[in-house]
Amino acid sequence: MAAEAIMLPVADVVYRDDLYPRLKTDPATVQKYAANIEVLPAIEVNQHHELIDGWHRWTAHRKAGAEMIPATVTETRSDVELLALACQRNAAHGIQLAEDDKRRMAIRLFASGTGLAEQEIERVLSVSRRTVSEYLRADKEQLRAERDAKIRALWLACHTLNEI
């Protein structure tokens, strides 16, 4: 069951560039949406009114001078969760994420091993395991090189195997 839309002041929507998965936007889409704002679906925001999905719709409302916009609210626990939801929504409908956007988001979501697991990234971006592996290859190689350098430094400092 879909969440019920609320009416939110357009000015209260918080756009965070660091949590938006798309590199390029489409001005023609904004123009088309601005001419039809009364029939656009709701945008999606979190409990802090940070935009999860609907940048083109929100921008169209601003362009048309609208004061209110329909929005659904989805609670998020972290920036990584918000970013994952934004990627997932953009992979599923509307203007699809470009290949470069998906690659960039996979790396951000992986966050050098501290973010999402590869299987979750596959699901969020709607791509194959092979594609995620390709996206993350350089990141994983860097992590391995850093780990190996740390092990070597400890070994050269005469630490025991258990300490290493």
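This is a predicted model: local features need pLDDT of at least 70, side-chain atom pairs count only at pLDDT 80 or more; totals for chains, interfaces and linings use all residues.

Residues are numbered from 1 along each chain as its sequence is written, and side-chain values use heavy atoms, with hydrogens and water left out.

Helices (H or I, at least four residues) and strands (E, at least two) are DSSP runs, numbered from the N terminus. Helix H1, residues 27-34, packs on helix H2, residues 55-63, at an angle of about 60 degrees, and their axes are 8 Å apart. Here axes are lines fitted to C-alpha atoms, for helices over the stretch in contact, and angles run from 0 to 180 degrees between N-to-C directions. That angle makes H1 oblique to H2; angles under 35 degrees count as roughly parallel, over 145 as roughly antiparallel, 65 to 115 as roughly perpendicular, and the rest as oblique. The contact (heavy atoms within 4.5 Å) involves Thr29, Val30, Gln31, Tyr33 and Ala34 on the H1 side, and Trp55, His56, Arg57, Thr59, Ala60 and Lys63 on the H2 side.

Side chains of opposite charge can pair when their charged atoms come close. A salt bridge is taken as a side-chain nitrogen of Lys or Arg within 4 Å of a carboxyl oxygen of Asp or Glu, and the whole structure contains 9 salt bridges. One of them joins Glu50 and Arg16, at 3.2 Å from N to O. Glu50 sits in the loop between strand E2 (43-45) and strand E3 (51-53), while Arg16 is in the loop between strand E1 (6-9) and H1, so the pair ties together parts that are 34 residues apart in sequence. Glu50 is buried at 14% relative accessibility, whereas Arg16 is partly exposed at 22%; buried means under 20% relative accessible area, exposed over 50%, and partly exposed in between (1.4 Å probe, protein chains only). Both residues belong to a network of salt bridges that links Arg16, Asp18, Glu50 and Asp79.

A further salt bridge pairs Asp101 with Arg104, at 4.0 Å from N to O. These two residues are 3 residues apart in helix H4 (residues 99-110), which means that about one helical turn separates Asp101 and Arg104. Asp101 is buried, with 3% relative accessibility, and Arg104 is partly exposed, with a relative accessible area of 26%. Finally, Arg129 forms a salt bridge with Glu122, with the closest N and O atoms 3.0 Å apart. Glu122 is buried, at a relative accessible area of 15%.
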